[in-house]
Amino acid sequence: MTLPLDGIRVVDSTYVFALPYCGGLMADLGAEVIKLEGPGRPDISRTGGLAATFPEADPGEDWWNRSSTYNLMHRGKRSLVLDMTDERGRDLFRQLACVSDVVMENFTPRVMRGWGLDYPNLRKIKPDIIMVSNTGYGHGDGPYSSYPAQATTQEATHGHCWITGYPGGPPSKAGASFVDFLSTWSAMFAITAALRYRNRTGQGQWIDLAMYQSGAMLTSEYLMDAIANGRVGGRIGNRHPYRAPQGCYPALGDDQWITLSVGSDEQWSALCRLMGRDDLARDPALANVSGRRDNHDRIDEAIGAWTCGFDKHELMHTLQGEGIPAGPVLTGRDVHFDPHYRSRGFLERVTYPAERNMGTRPFIGRPYKFSRTPVSIRGPSPTFGQHNQPLLEGLLGLDHESYRQLAQDVVVATAPTSGNLEVRVPAEEAVKRGLMAAWDPDYRERLEDL
Amino acid sequence: MPGGLLEGVKVLDLSEDIAGAFCSRLLADYGADVLKLEPPEGAALRGMGPFFGDDTHPEKSLFFLVMNLNKKGATVNLETEKGRDILKALVPQVDVIVESYRPGYLESIGLGYEALERLNPGLVMTSITPFGQTGPYSLYQGEEIVNYAMGMIMSISGLQGREPLKHGGFQAQYEGGLNGAAATSIALFALERTGLGEHVDVSVTECVASTMMATQTMYAFTGGTQARRRASGSNFGNPMPCGDGWIIVQPGGGASWEDIAGFFGAPEMLESRFSDQAQRALHGEELDEIVIGAIKDQSKWDLFPKAAQARMLFGVVQDPSELARCPQLESREFFREIEHPVIGQIKVPAVLFNMSLTPYGECRPAPTLGQHNLEIYVDGLGYTEEEVSRLREQKVI
């Protein structure tokens, strides 16, 4: 079976979340993706930062190969560890670029320029290269172009925090590194379209992605309201600008929740019938959507009093059976056992070689399927520098003596020379302190049955 | 001058919602020739605000406008036999169809992927739906909040002790559109090599779930369920009030913890109770008090460039009007001016990313209802103007 990106080689010189994840998705699609890191600059995802975890909460001796998010994003890749601050490292990078189709990087704009590896320079040695640069605020001469950035702080600047929050409350941050993923997908779109364009014209190009710009794009309707009507929008929590009632209500059990959204008078009548609340169905003040919006608090109380007696999945089936959009708040645990996710095979199991001591783990696959081409995670993440020798000697034809010299000088490496493991809190302690919502000590058995 | 990135790609956009419209708009932004086919009464999105001047006129929905830039538009009623014949006549002329009907609807009117592919071998059809084409919930109704809940992200958004919190706007829908464009582009690239089309099945819920890397693996690696934020003592890394709004700061970047303490002029941040992430989490309320006290009279616009100079990861909470006049976005030419036949001249958010060889081209307004009917039906399909009038009388178009 031909995979969509068979035969495409990608140098993935990117860190953290946005483009490393794009590289992992490209590996699923058949590309040969080479994750490039410096000996003293292991990816931050390896350290257990940014809510990453280790198998059985044990970092182990080679912790840099074992973190959860590193393993999710770097599935199916090869690993090359090369010191780009050394001229020999940069020379090998150039040779690698010459036999590759795509180069991805996310350094602040001055870094690749300083190394003479920015697009104008790479293009001289590989005219049809497709290069992707992902930065916080984008290249160019704008006032923020040199500002350091990560998703957490960008969610504020690109408008997401302003529109997110409980009604009447302060701006609120998203629960995860939200904007990174917008760049992941934008890059996938741009790269594959640029590959197609290159096939047709023979020409490569430079893609200049700014996370700030992707994030701002997702507030487009708020921007339009500001531009046209001078309005700055507000925080309406779980409510909808038009539909009512809509919200997130308690279900049976500890910290269990159901969402629902009523968009028509028929759905409202059906909801009242399910709740056994004829009085609300007959209340003229609630007969239309504007009345229901005005009395939203009162309706919320009635809904919550009803939903809290039922299981969240059962509520979904009951409400959907009456044509009312509804769904449970699924947690990171729930998604492993939910019948719909399981039926679609959204989580894919990756089995590690015995010496990695990582067992078999389920990982997020992709949110799209192709009718003719089955795509799946093609293998586990590589260990740090696992493919140094095959890539440098095999692919680039470096002689063995030079390779040994590079290894001796730590221009290539198979263990990081710096980087700190984040301090871990044991699971039971984490639950007590509110860092984790719950803990299943028997999760491995539960996952085995899937 | 090189052509557009997707020049020559012809797309039919049958979607009425945000995700499908955004997907096909992205294809149009980068050079594809996109025709939006709406029912004669107009796509559902025309009824959704914000509206220009708060006038609920179907040509004044700013949401419809911004999701349908750079497209042409025609109307057709797929509930009629003649309408379906029109679609069948258009299909051989296109490369891609984007649709977001309930799974099974197009099959039920004889226009499923298999039938359409017989008319046009190599056709790529991208279906973007709340739960995907298969699985026990595939026919359930989605809504933004439902996709958000089932995509896990609500479980970690908001505060402990309160209900999970949806993010503002329609993020899940946009995410569906981004993945729709990416998956369509993957299928188009593969088509060049294999000659085979694909029915692409995008699940909006799975788009949201795809962002939950740490949340999902926390269970797979440790059996833990990720929690929402604590109600107090976790403001560091979240918006904190200052003199004229809110700022946000996180450790890392090029700045050491000493640099950050120096920036806030707060030497007590160097005490051992704040020495690492675990200590800071334990003493969060005290840390918040120190930082908020230090900035309470300061302006976010003074702090922002100073923090950048200190190589700190630092942001200011911007509202939409601030973003709409942001000099950085201007420098990236993110906004474009269009001339809309009903609204007039207006600025729109336009450019998702910049490209050296095939940049975003001219920005054109969304089509008015049926704006290109004559061009599509007379010039494109060879109907006479009388036949088009008759189709209009029969409410086919």
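Of the 450 residues in chain A, 55% are buried, a residue being called buried if 20 or more other C-beta atoms lie within 10 Å of its own, exposed if 12 or fewer, and partly exposed in between, with C-beta atoms placed from the backbone. The model is predicted, so local features need pLDDT of at least 70 and side-chain atom pairs count only at pLDDT 80 or more, while totals for chains, interfaces and linings use all residues. Residues are numbered from 1 along each chain as its sequence is written, and chains are lettered from A and ligands numbered from 1 in the order in which they are written.

The C-alpha trace of chain A spans about 85 × 55 × 45 Å along its principal axes. Chain A holds 20 helices and 13 strands; these are DSSP runs numbered from the N terminus, helices being H or I with at least four residues and strands E with at least two. Contacts are counted when two C-beta atoms, placed from the backbone, lie within 7 Å. Among those in chain A between residues at least 6 apart in sequence, 67% join residues at least 24 apart.

The largest nonpolar core has 257 residues, where a nonpolar core is a set of buried Ala, Val, Leu, Ile, Met, Phe, Trp, Tyr and Cys residues joined through C-beta atoms within 7 Å. Val132(A), Ile191(A), Ile207(A) and Leu27(B) have the most contacts inside this core. Helix α8 (residues 178-201) of chain A supplies its largest share, 14 residues. Leaving aside residues up to four places away in sequence, Ile191(A) touches Val102(A), Ile130(A), Val132(A) and Ile207(A). A second, separate core of five residues includes Ala427(A), Met436(A), Ala437(A) and Ala227(B).

Where the chains meet, the contact takes 140 residues from chain A and 130 residues from chain B. On the side of chain B that touches chain A, helix α7 (residues 171-194) of chain B gives the most, with 16 residues. That side divides into 70 nonpolar, 44 polar and 16 charged residues; Ala, Val, Leu, Ile, Met, Phe, Trp, Tyr, Cys and Pro count as nonpolar, Asp, Glu, Lys and Arg as charged, and the others, Gly among them, as polar. Strands also link the two chains: β6 (residues 205-210) of chain A and β13 (residues 354-355) of chain B pair in the antiparallel sense over two bridges, pairing being assigned if DSSP finds at least two bridges. Here the bridge partner of Ile207(A) is Met355(B).

A cis peptide bond joins Ala244(A) and Pro245(A), with omega about -5°, and another joins Gly49(B) and Pro50(B), with omega about 5°. Met152(B) has a positive phi near 80° although it is not glycine; Met152(B) counts as buried because it has 29 C-beta neighbours inside 10 Å.
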